[in-house]
Amino acid sequence: MLNLRRRGLLALGLAAPGLALGLGARAQSAYPNRPIRLVVPFPPGGTVDVTARTIAQKLAEQLGNASIIIDSVPGAGGNVGTQRVARATADGYTLLFNAPNHTINPSLSPNSGFEPERDFIPISLVAQIPEILIAPRSAPFTNFAEFVAHARANPGALSYSSAGIGSHPHVTMELMNRRLGIEVLHVPYRGAAPALTDLVAGRVALKLDSLATSAAHIAAGTIRVLAIASAQRSPLLPDVPTVAEMGLPGFEGILWMGILAPTGTPAEAIETLSRAARATVRAPDVVERLTAQGVEPVGNTPDEFRALIAREIPLWREVIRAANIRAE
């Protein structure tokens, strides 16, 4: 009996290293176990980049104090960075932090180098910024209704600025033009900052902008806010009507920001990331920081984010076709 026990203990002792090795391998394979690269396809310092950095810090904590490296890869209106992620190894360690250019660019340029629904898996739409329609104090109208009346009485006389051809404010303003049956001319700039500068100076009459970038001018009284392109009024601008209230039911112009992964990324990693992203944007300190920047936390599921992308692709395709918008 003693010998049997000794044999059993000996067998257990021989098995233990293998058992320990198996447990160690399983623990080591738990996702994530090395740094995650989050590609932002825009220059550092912009709204999307700042939001990505705010999200990444807390997301890393939610993933068990993982390491998340922000990699700014600007170029071609977001195409360069987006292409890079589409071609990356689909292992959960290269992710994309993108905006509506994700659904605009493939229709704008046949050579964008990616297909949103084929090449990417949505993880979570984490935040959004409703566009606001602004005008300089010198504009010949003081509210949205007067703007529409003036535009209808003077077709082609008004102009609006944007950060460039095919930018989200550009296609959203063209959608508004068509829904209202008016003609307001587009003046593209190389970036949002000069586009806003010329708006404030009165060189153009209108611009779709974010509260984050125009707040100082609103506070100073140098510009007027005519409407906000969101489903509800903003608590930050409670007296500003929505575009929908002003005669375009359902109209929205939302600069969304979300996380995506290359197609083929393991389902376990997608679920882990999505759950962590939703928890991240509900954290009180993140909510406070985003709200202070004029950014609304969202945090939805992969299926909800996928549905948004599926809605936007045909919408922007039709706007780009109807307005004959061509990439620079």
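**Asking why: burial, helix packing and pockets**

Colleague: Why is Ala76 called exposed?

Modeller: Its relative accessibility is 56%. Buried means under 20% relative accessible area, exposed over 50%, and partly exposed in between, with a 1.4 Å probe and protein chains only. At 56%, Ala76 therefore counts as exposed.

Colleague: What are the ground rules here?

Modeller: This is a predicted model, in which local features need pLDDT of at least 70 and side-chain atom pairs count only at pLDDT 80 or more, while totals for chains, interfaces and linings use all residues. Residues are numbered from 1 along each chain as its sequence is written, and side-chain values use heavy atoms, with hydrogens and water left out.

Colleague: Where does Ala76 lie, and what is its phi?

Modeller: Ala76 sits in the loop between β2 (68-72) and α3. Helices (H or I, at least four residues) and strands (E, at least two) are DSSP runs, numbered from the N terminus. Phi of Ala76 is near 55°, a positive value in a residue other than glycine. Asn324 also has phi near 55°, and its place is in the segment after α12.

Colleague: What makes the peptide bond from Tyr31 to Pro32 stand out?

Modeller: That bond is cis, with omega near -5°. Pro32 is in the loop between α1 (2-29) and β1 (36-40).

Colleague: Is Thr89 buried or exposed?

Modeller: Its relative accessible area is 57%, so Thr89 is exposed. Thr89 belongs to the loop between α3 and β3 (94-98). Thr89 and Ala261 are 172 residues apart in sequence, yet 9.8 Å apart in space, C-alpha to C-alpha.

Colleague: How do you know whether Ser210 is buried or exposed?

Modeller: Ser210 has 9% relative accessibility, so Ser210 counts as buried. Ser210 lies in strand β7. Leaving aside neighbours within four places in sequence, Ser210 is in contact with Ile129, Pro130, Glu131 and Ile132. Contact means heavy atoms within 4.5 Å.

Colleague: What is the picture for the chain as a whole?

Modeller: There are twelve helices and ten strands. Of the 328 residues, 49% count as buried. The C-alpha trace spans about 105 × 40 × 30 Å along its principal axes. Among contacts with a separation of 6 or more, 78% come from residues 24 or more positions apart.

Colleague: Why are α2 and α11 called roughly antiparallel?

Modeller: Two packed helices are described by the angle between their axes and the distance between the axes. Here α2 and α11 (residues 284-292) pack at about 175°, with axes 10 Å apart. Axes are lines fitted to C-alpha atoms, for helices over the stretch in contact, and angles run from 0 to 180 degrees between N-to-C directions. Angles under 35 degrees count as roughly parallel, over 145 as roughly antiparallel, 65 to 115 as roughly perpendicular and the rest as oblique. That makes α2 roughly antiparallel to α11.

Colleague: Which residues in α2 and α11 meet?

Modeller: Thr51, Thr54, Ile55, Gln57 and Lys58 in α2 meet Asp285, Val286, Arg289 and Leu290 in α11. By class, this contact has three nonpolar, three polar and three charged residues. Ala, Val, Leu, Ile, Met, Phe, Trp, Tyr, Cys and Pro count as nonpolar, Asp, Glu, Lys and Arg as charged, and the others, Gly among them, as polar.

Colleague: Why are α6 and α7 called roughly perpendicular?

Modeller: Helix α6 (residues 144-153) packs with α7 at about 75°, and the axes are 12 Å apart. The angle falls in the perpendicular range, so α6 and α7 are roughly perpendicular to each other. Phe144, Phe147, Val148 and Arg152 of α6 make the contact with Met173, Met176 and Leu180 of α7. The contact divides into six nonpolar, no polar and one charged.

Colleague: What makes a set of points a pocket?

Modeller: A 1 Å grid is laid over the protein atoms alone. A cavity is a set of points where a 1.4 Å probe fits but cannot get out; a pocket is an open set with protein on both sides within 12 Å along at least five of seven lines. Lining residues have an atom within 4 Å of a point. Points are joined across faces, edges and corners, and a volume is the space filled by probe spheres set on the points.

Colleague: Which residues lie nearest the centre of the largest pocket?

Modeller: Phe42, Ala163, Ser167, Gly191 and Ala192, out of 46 lining residues. The pocket holds about 1,200 Å³ of space. Its lining has 21 nonpolar, 20 polar and five charged residues.

Colleague: Which element gives the most to the lining of the second largest pocket?

Modeller: α12, with six residues. The second largest pocket has a volume of about 550 Å³ and is lined by 26 residues.
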